[in-house]
Amino acid sequence: MTSRLALEKRIRYELSTLAESNAHHDFEAICLGLARGRIATNLMPATGPVSAGGDQGRDAESFWTHLPSEVAILSSFALGATQENVVLACTIQQADVPTKIRRDLRSICTQGGHVDRVVFFTLSPVSVAKRHELQQQARDLHGISLDIWDGLAVAKELSEHDLYHLAVDYLHLPSDLAPERPVPESPRPDWYVEALSRWSTRPNSPSTIGDLVDLREGLRLASTDSLFAADLPNWLTMAKQLLANANSEDVAVRAQFEIAWATMRGTETLLPADDMLKAFFGLVPGSLEDPGILRDGTMLLDLGYAAMLRRTTSIDRCQLETWHGALAGKIDALLGASPYPNARAMLLSLQAYLALHQRYPAGELPEHGEMPSMSDTMSALRGTVQIDAHHGVSGIELMDVDKGMKALGELVELLPEAPLFPIRDTADIFGLYTSQLVDHPLFGKVRDGLDDALERVEGESGRGSRALNRALRLIEVDRLLDALHELHVAKASWWHGDTLEGSIEMFMLISRVYYQLNLPHAGKLYALAATTAAHDATDPSLKHYVAHGLVAAATCDHHAGQSLTATRTFNLGLLARSHYGDRSDQLEVHSAVTNMLQDQCHIFRAAKAVRPSLVPLLSSLLEPTNVMEAVTSVLDAVGGTKPMTESEIADATDRSGMGRLFSDVGPTRYYRWAALGLTWQVQCKNERQAVLATERFIATTQIVLSEFARHDAHLLVEPLLIDVSVDARNGLGGAGWVDWISDKRGGHWNLHLTPGDGADREALQLESLGAAMHFLASQSLLNQADFSAVMDTLFAGGLSHKSSIVRSYDELADLAEGATYAAFSEREETPVGRSDPSSISNPSPDMQELQGLAASYEANRNKIHENIAYRYARLPAVIGPVLGLLQQDTQFTFIAKRLRREGWLDWHLLLAIANIVVNGRAAARGIRLSRNMTASEQRAFIDLIHEPARTSDPVLPTSSFTEDSLRIHLSTAAVSGLGTLGLTLHKKAVPTEAILSFLGDRYRYWEDDSEHEPYFPGAPKF
């Protein structure tokens, strides 16, 4: 049986394809069926073609019926009918949905009959703030109520047994995935009938805690289940009798809680129980000390806030916030008394709960009817915590994040000593606010501590579920790197037979995130892992993932510029859909297929425009399927559009972070991508083993780059060019066999790798990881110890299992015979834009070079300022009389002013001048400057740097101090000064431009200064 979580996600996925296939009528039918089942039974579809506006913006509307007003309602239709004039509107539009809603409301309310309420269905999410804005505009401009249902809400309802038939009919889901019919319970269980009778005829007055425990089950059931709502007044009367006769303060406050809770839940108003809250909180911070009662207090606070927002209480915001502060103060005081571990754990949990409570903005309350009912709210909250991400949670403000996280940090440390503390509610609240807490320094500690505690209770799969929920929330707010970390946790937790489907879904989701990060070969690795896991599964219901993984891999190949490979892999995916009975005749069913079909059209259009000789080969690759008909129809539709030139295509792919099209054509394969400011070009022979080994290295490197994005590796922003030779053995290539070819900008290397056939999987993985680390280390200015510390952190965080899964990359991606590679290699065509310089960039915000001060700057700030002050104090004496000559020289003054416009300060000028002077002085004293200097020569030169000028030293002419000479000597000084900052250059070549750029951007090289008298005109004030 498919889990409810998995079914909802499947439905959400299928709903998303409706927009891509322009299936508006199917979505309209789904919404009408859902509305009849959940909103009102007396709804009928509007008439008139939607595209022509014949329905006046209305996709369905209610018809009048007198049945709801009848005294005795005997049918479910009458029970569900409405006497309001309700109009349904639907859209599959993805962009600017709020504008679409406003336009449709204007059409609905200005044409046709009177409208009381509009229910708007959309596939795209609408934020809470925007929803409230639209609802207010609907009231102000049109005098109507507006409800908005998004794809998440629709999917949740379609996963219910009574509405699942809509998913079968219109989304083509298998009927055998239908959720089980709810097992009907007795309308009035025996225990309930007996309890109600006993309490109704009770001769004596209840007064004890035992009486309260006996009464509350019936009271709670009557307040939460509509089948027993008629009994609620009786239960409340009996509860108030118990309160009046309570034999202790403990019994009284617990009775107050039960009465208030049941009143709000059962009657949707707190007004009759306002006095209960006032009496309860009147004892805070006085005599209430029991952690369990204090926990009831936090729930009553929530009840009060909920009633305030719904205008169903006389208690105002100020009073609630006062109670909130008093309760928090009481808990703080009790914690200060060092209670026993289990009590302390409960108090820490309450302290965190109050600190992480929503801070409601000051201002007007929501309008009547804008807030959902309490029952709907509780149902939605349960769904939020247990099932999926919650739209809107990310935008709220919390009371005191630091205090809350500190309390949770103490709690997770205490948990081993508090085995009786129930951790699940605390973990749920923490998960709910993931997007607000993820940046806090204690997030990782708290997350891991709560997961460890829950894993002891519910096993590894529970950890995976929680990680998945956190990931979905993070994806919702575009925190892809943080989401990726959580997805890898979920993957590791679910990787066993009992949860194989969840594991495969994790692979697909991880693949999609890597793709969104513009790391296509990392995405391809996980897409093919899903394909292989599904192919090897014994459960036939999982076989459809074979096709899904192949199509996703084809999309990644297209993004990487491997156009022929993408076309062939797409064809394999379509064949797999046909083989496993996955409705291959309906290409619009899955968005992945639709997206790749669009990509295929781009490939063909580019080929026709600039590589027409490739069109027959591309057509032959798709020949086994019927997809060419769809491709041809699209191309015919845009036939009148002016084709792009080769340079325009190359520029468009660069700006999109894609590899150049047809990079897999010809004897050499080319791979390009950008990440963290680095641009990579890797190339190899277009042969089977070479391509598989090279892509193994690329996939690993892209995964490593995504991990480095979470750390400050002090990377120099440069291009890297890597040739790959597949001639190593037994995994002994990689970092252990890299030949440096040239010191051209960024560097050019030859990397030797082991072919995959017959090689040990672990050896291949370590070889690839070593190679990736080698190139990143070459670009890092961190010293060896600091870089090793970053590597240790990455491996401790699971880098090994993130970079290898199921099988080696070579096995997963071995989808073509040698003859296919030969056919591609023998072509005479070249990649699009092969002769144009590459300016590829990564548009993903998560994969940009780091901005702002380097992580190590603060530790070196004092040393930097000391060095600057030392230069002002010592360099004028070292320079000697030439300094005065330069200050009077018109040409040098002109040069200095020009350099100042670029940010040069006085100490930059002094440092460059001093280096020129000292080099000339060294030559005059017979000290030769070369890489082969002896130790004594090096010491003599260093002494010379700090020695004041002698009267016997020659004075260089001012013409020696040209702009080029100053630039060269400042760059040299900057490089030689890295060691004083705890930084290290690991490359043979000295990339002075990149180093100065790093120092300027990350180390305030052009900003930090020290107080001094100006030496040259135009010096900025200190």
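This report describes the helix packing and selected residues of a predicted model.

## Basis and overall composition

The model is predicted, so local features need pLDDT of at least 70 and side-chain atom pairs count only at pLDDT 80 or more, while totals for chains, interfaces and linings use all residues. Residues are numbered from 1 along each chain as its sequence is written, and side-chain values use heavy atoms, with hydrogens and water left out.

The protein chain holds 43 helices and ten strands; these elements are DSSP runs numbered from the N terminus (helices H or I, at least four residues; strands E, at least two). Of its 1022 residues, 52% are buried, where buried means under 20% relative accessible area, exposed over 50% and partly exposed in between (1.4 Å probe, protein chains only). Among the contacts in the protein chain with a separation of 6 or more, 74% come from residues 24 or more positions apart; contact means heavy atoms within 4.5 Å.

## Packing of H2 with H6

Helix H2 (residues 24-38) packs on helix H6 (residues 151-158) at an angle of about 65°, and their axes are 11 Å apart. Axes are lines fitted to C-alpha atoms, for helices over the stretch in contact, and angles run from 0 to 180 degrees between N-to-C directions. H2 is therefore roughly perpendicular to H6 (angles under 35 degrees count as roughly parallel, over 145 as roughly antiparallel, 65 to 115 as roughly perpendicular and the rest as oblique).

The crossing of H2 and H6 is left-handed, a term used if the near helix is turned anticlockwise from the far one by less than a right angle, with right-handed used if clockwise. H2 contributes Ile 30, Leu 34 and Arg 38 to the contact, and H6 contributes Val 154, Glu 157 and Leu 158. By class, the contact of H2 with H6 has four nonpolar, no polar and two charged residues; Ala, Val, Leu, Ile, Met, Phe, Trp, Tyr, Cys and Pro count as nonpolar, Asp, Glu, Lys and Arg as charged, and the others, Gly among them, as polar.

## Packing of H8 with H9

Helix H8 (residues 190-200) and helix H9 (residues 209-224) pack with their axes 10 Å apart, at an angle of about 120°. This angle makes H8 oblique to H9. Their crossing is left-handed.

From H8, Trp 191, Tyr 192, Arg 198 and Trp 199 meet Asp 211, Asp 214, Leu 215, Glu 217, Gly 218, Leu 221 and Ala 222 of H9. The contact of H8 with H9 comprises six nonpolar, one polar and four charged residues.

## Helix H42 and its cover

At 1.5 Å a residue, the 14 residues of helix H42 (residues 963-976) should span 20 Å, which agrees with the 20 Å between its end C-alpha atoms; the expected span is 1.5 Å times one less than the number of residues. Buried residues of H42 include Leu 966, His 969, Leu 970 and Ala 973. The cover over the buried residues of H42 includes helix H39 (890-901), helix H40 (906-924) and helix H43 (992-1002).

## Individual residues

Gln 256, in helix H11 (residues 249-267), is buried at a relative accessible area of 9%. Leaving aside neighbours within four places in sequence, Gln 256 is in contact with Leu 243, Met 276, Ala 279 and Phe 280.

Asp 478 lies in the loop between helix H21 (460-476) and helix H22 (480-494) and is exposed, with a relative accessible area of 58%. Phe 662 lies in the loop between helix H30 (646-655) and strand E6 (668-675) and is buried, at 0% relative accessibility.
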